[in-house]
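Here is a short briefing on one protein structure. Keep the sequence and the 3D view open as you read.

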Amino acid sequence: MYPDEFDYHEAGSVDEALELLGDHAGEEVELLAGGHSLLPAMKTGLSSPDVLIDVGGIDRLHGVSVEDDALVVGAMTRYSDFLDAEAAHEHAPAFAAAVGAVGDEQVRNRGTVGGNLAHADPASDLPGAALASDATVVVEGPDGERSVPAEEFFFGMYATALGPDEILTRVEIPSATDAVGTYAKRASTSSGYAVVGVAVLLETDGETVASARIGANGVMDHGVRLDAAEEALVDESLDEAAIEAAGEAAPETLDSAMVMDDLQASAEFREQTLRVYTKRALRDLREADATVAAD
């Protein structure tokens, strides 16, 4: 299958990319990052942009660094480069676990962190981890730069707070060197995408949970926090009773009418899978960190 004809531009800088967006305002324009979602959509006719602006070669959008008390990830940083950065695992353990679960090695060698978040596929692995990690998405547009907390960035299927004249430039993740994190996914057998994915970031105080952040993807049309599950854990030992309570509470704050129901899974199955994989993620953390194991 071949895509419809389109104009291609390779931007050498963020300013040039923004200028191109302005020049083609009113046309259907797509930004090309790793291309793993956009190009298949174009080949199958699901997307037919008039203009492609390739931002993958902009140097300042690549790289992982620690600045002040945050891990800073350039939007065009490939999954494999992120995983190769020791700081990523040290400062953002839940996010790193989710990145490691994306696709296969070929996908991770090409796909990008920023492209994943901007695409906002509800079944992709990173929205839940971004929420669990309290990440901030930084975007640039004609009016300058603005920061958008992950909780305000995702608001629907393939829908984000990113404007049509803006570019996602980097992701900032508060350092979590004192926390433990993980990601558990029930993957689709046909695509590898998440039927349900659960990211967990816990800070402990001795043998009790001092803070808990849990994010999920694949359940609703966008990534969501699991507030009730978090509340069930705080000030508790991470014993089997607390894990059971958190897992059973996982769907409580979600609007059941909005749980996805499609060919991959029914809404009822997704809710039950969310309970199971929340428990699985917490048990994985308990086994990995003996300081919170109490059962």
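This is a predicted model: local features need pLDDT of at least 70, side-chain atom pairs count only at pLDDT 80 or more; totals for chains, interfaces and linings use all residues.

Four strands make up an open sheet. On the surface, six named residues form a patch of negative charge: D4, E5, D7, E27, E28 and D50.

**The open sheet**
- The strand order is β11-β12-β13-β14, and the pairing is antiparallel.
- β11 (179-187) and β14 (224-225) are the edge strands. Each of them pairs on one side only.
- β11 and β12 (residues 194-205) run antiparallel and are joined by nine bridges.
- Look for A187: across from it, in β12, stands A194.

**The negative patch**
- E28 is one of the residues gathered in this patch.
- Find E28 in the loop between α1 (14-23) and β2 (29-32).
- E28 has a relative accessible area of 39%, so it counts as partly exposed. Patch residues need over 30%, so E28 passes that cut-off.

**Positive phi without glycine**
- A120 is not a glycine, yet its phi is positive, at about 55°.
- A120 lies in the loop between α7 (113-119) and α8 (126-132).
- Buried means under 20% relative accessible area. A120 has 4%, so it is buried.
- Y158 is not a glycine either, and its phi is also positive, at about 55°.
- Y158 sits in the loop between β8 (154-156) and β9 (159-160).
- Y158 is partly exposed, because its relative accessible area is 46%.

Definitions and conventions: Residues are numbered from 1 along each chain as its sequence is written. Side-chain values use heavy atoms; hydrogens and water are left out. Patches are made of residues with over 30% relative accessible area and no salt bridge: like charges are joined within 9 Å, nonpolar side chains (Val, Leu, Ile, Met, Phe, Trp, Tyr) within 5 Å. Accessible areas come from the Shrake-Rupley method with a 1.4 Å probe; for residues, only the protein chains shown count as cover. A salt bridge is a side-chain nitrogen of Lys or Arg within 4 Å of a carboxyl oxygen of Asp or Glu. Lys and Arg count as positive and Asp and Glu as negative; His and the chain ends are not counted. The place of a charge is taken as NZ of Lys, CZ of Arg, CG of Asp or CD of Glu. Helices (H or I, at least four residues) and strands (E, at least two) are DSSP runs, numbered from the N terminus. Buried means under 20% relative accessible area, exposed over 50%, partly exposed in between (1.4 Å probe, protein chains only). Two strands pair if DSSP finds at least two bridges between them.
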